[in-house]
Amino acid sequence: MKQIHIEEIKNGDILAEDVVYSDGDVLIRKDTALKEIYITLLRQLDVSQVYIEDKEAAQNSYLQKAFIYKNQLKQLMEQIMYRDRNQLEKVQSIAESILQNFREEKRIDALLEQEATLYDHAVAVAVLSMKVGQGLGVNEEEIKELICVSLLHNIGLRYVTVPYKNIDIETLVPNEVFEFKKHTILAYSALETEEWMTAEAKTMILSHHERLDGTGYPLKQKQQPLGCRIIQATSYLASAVMGFEMESRDIKTATEEIWHRSGTWFDVEVVTKLLQVINAE
């Protein structure tokens with residue numbers, strides 16, 4: 001947190017400490033977003049300085065955590081690709097750490113501003129899925145499973161050579177589109193014998209490109225468990241903003257797009273919670 005003069009306050013700054021009267025009564029509680037009505041009140045009461053959350057420092061803090069997880073995931077993927085496939089279940093320890101370190105984070109939208117790499121995308125989807133799952137009342141064990149699935153859902157892209165950064169996949173030539181779309185099956189095949197993963201987790205991996213109206217792939221399934229519907233929405237939004245598997249758009253355009261497609265491609269309740277997570281202050 002940092003102390004600033006009343007004239008430096010910006011609309012939306014988050015109060016880091018209670019503002020109290022001289023008698024000790026609380027005027028405005030910490031964690032309040034300082035909108036114009038509060039700023040005007042503070043001026044009228046001759047409050048000269050307040051403590052606010054240092055957004056930049058907080059953002060840097062969680063981006064540093066995300067950077068660590070990205071590198072841990074990358075090292076793990078390289079290890080199983082080139083040396084020891086029996087290490088894959090170590091992803092559970094990364095998932096546990098993400099759960100503990102991002103549990104209380106509120107503003108996580110900067111994760112979507114990272115590079116469109118397989119690993120940056122995976123960590124962003126993991127945190128988004130965790131937050132959406134928490135908001136929908138998913139229990140902690142299932143939250144951990146959601147995080148693991150998010151970290152691994154695009155593992156099949158390690159086995160294809162088709163470009164997927166800031167490219168609309170459907171504009172590729174047909175054989176490249178076919179090659180790209182195999183990544184869901186390749187991911188499922190790579191994880192099928194992992195005994196530590198549940199059958200539902202493997203289904204999430206396979207179906208992260210399925211859509212409610214049956215227009216997705218690879219199986220064109222309409223009925224999906226909640227975990228699948230969460231991954232489908234969070235992966236799509238992260239992809240749209242980051243330019244992963246599609247051309248990038250700004251976050252406003254991406255959120256409007258996913259809301260427009262809720263009820264057809266995506267679950268309405270999941271998208272509603274996802275947008276609340278993205279817009280949290």
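Which side chain meets E140 in a salt bridge? The partner is R103, at 3.2 Å from N to O. By salt bridge I mean a side-chain nitrogen of Lys or Arg within 4 Å of a carboxyl oxygen of Asp or Glu. This pair links distant parts of the chain, 37 residues apart. E140 is in helix α5, residues 140-152. R103 sits in the loop between α3 (91-102) and α4 (118-135). Helices here are DSSP runs of H or I, at least four residues, numbered from the N terminus.

A word on the source. This is a predicted model: local features need pLDDT of at least 70, side-chain atom pairs count only at pLDDT 80 or more, and totals for chains, interfaces and linings use all residues. Residues are numbered from 1 along each chain as its sequence is written, and side-chain values use heavy atoms, with hydrogens and water left out.

Back to accessibility. E140 is partly exposed at 37% relative accessibility. R103 is partly exposed too, at 26%. The cut-offs: buried is under 20% relative accessible area, exposed is over 50%, partly exposed is in between, with a 1.4 Å probe and protein chains only.

Next, K144 and E141. Their closest N and O atoms are 3.4 Å apart. Both lie in helix α5, 3 residues apart, about one turn. E141 is exposed, at 54%.

Last pair: K181 and E170, 3.1 Å between the closest N and O atoms. K181 lies in helix α6, residues 174-181, and E170 in the loop between α5 and α6, so the bridge ties together parts 11 residues apart in sequence. K181 is partly exposed at 25%. E170 is exposed at 52%.

The total for the structure is 12 salt bridges.

How values were computed:
Helix = DSSP H or I, 4+ residues; strand = E, 2+ residues; numbered from the N terminus.
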